[in-house]
Amino acid sequence: MSAPTAPPPAALLDHRGRRRARAATHLTHEQAHLGTAFHEAGHAVVAMSYGMHVVSSEVIAWVSAPGQSTVTGVTSVSVESLEAIHPWRFAAQAAAGEIAQVQYLMVHGLWTPKRAMACAAAHDRDQAVDVLASLGYRLDPGRVPAGGKSWAMVQGMARRRIGYLWREIRTVAEAMDRRTTLTGDEIAMLTGLHNPRLIGGAA
């Protein structure tokens with residue numbers, strides 16, 4: 001499952017050009033790899049269920065030091081316009097990764113407070129905040145802004161959706177754990193969900 005070297009530096013940056021946060025989980029490589037697969041499957045399945053085109057979803061793993069591995073992932077989606085699927089749904093798919101990863105820990109008997117905290121994906125949250133702000137929607141990390149929503153409210157949307165789609169998320173995560181990368185069409189075949197046609201570039 002591990003690649004011998006790290007991916008290109010740009011793959012480890014968020015949309016603002018900052019290095020993504022890293023946290024020790026004290027899981028085995030196999031457990032961390034599957035957990036990341038659940039994270040990416042959460043993004044992909046929730047996005048597709050909301051009508052977004054999923055380009056691909058993958059787990060990226062490499063040996064970062066002797067006896068130490070690092071695991072991350074990326075899911076690419078494309079939509080004609082966020083207004084067409086509603087920006088709050090875009091925010092919910094952004095929140096779905098960490099929610100699905102925490103659920104994986106709970107289902108597999110691996111949950112601890114520190115491991116749950118390590119699932120936090122600030123880069124997903126910040127991207128949702130910035131994208132929605134560009135459209136005039138107010139999403140705040142810590143409070144409910146006037147006329148908007150808090151990140152906790154968006155997480156609640158994601159949690160409800162994940163509860164409804166857990167079987168599909170589990171199926172995709174297990175396949176991604178084995179194969180590393182899945183296309184959106186492969187995810188659609190595995191889940192029975194419809195992957196809308198590609199419009200424009202990935203986001």
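Is Thr-70 buried or exposed? Thr-70 counts as buried because its relative accessibility is 9%, where buried means under 20% relative accessible area, exposed over 50%, and partly exposed in between (1.4 Å probe, protein chains only).

Before going on, a word on the model: it is predicted, so local features need pLDDT of at least 70, side-chain atom pairs count only at pLDDT 80 or more, and totals for chains, interfaces and linings use all residues. Residues are numbered from 1 along each chain as its sequence is written, and side-chain values use heavy atoms, with hydrogens and water left out.

Thr-70 lies in strand β2 (residues 68–78); helices (H or I, at least four residues) and strands (E, at least two) are DSSP runs, numbered from the N terminus. Setting aside residues up to four places away in sequence, Thr-70 touches Arg-22, Ile-60, Ala-61, Trp-62 and Ser-64, with contact meaning heavy atoms within 4.5 Å. Val-79 sits in the loop between β2 and α2. From Val-79 to Pro-196 the C-alpha atoms are 8.8 Å apart in space, and the two residues are 117 apart in sequence.

| Residue | Relative accessibility | Class |
|---|---|---|
| Thr-70 | 9% relative accessibility | Thr-70: buried |
| Val-79 | 24% relative accessibility | Val-79: partly exposed |

**The nonpolar core**

Let us turn to the core. The largest nonpolar core has 50 residues, and Leu-139, Val-154, Ile-162 and Ile-169 have the most contacts inside it. Such a core is a set of buried Ala, Val, Leu, Ile, Met, Phe, Trp, Tyr and Cys residues joined through side-chain atoms within 4.5 Å. Elements that each supply at least two residues of this core include α1, β1 (53–65), α3 and α6 (151–164), and α3 gives the most, with 11 residues. Ile-162, leaving aside its neighbours within four places in sequence, is in contact with Val-46, Ala-96, Ile-99, Ala-100 and Ile-169.

**Helix α8**

Which residues of α8 are buried? They are Gly-184, Ile-187, Ala-188 and Thr-191. Seen down the axis of α8, these buried residues fall within an arc of 100°, so they line one face of the helix; the arc is that of the directions from the helix axis to the C-beta atoms. An α-helix has 3.6 residues a turn, so residues three or four places apart point the same way. The cover over the buried residues of α8 includes α1, β1, α7 and β5 (181–183). After α8 comes Gly-192, whose phi is positive, near 80°.
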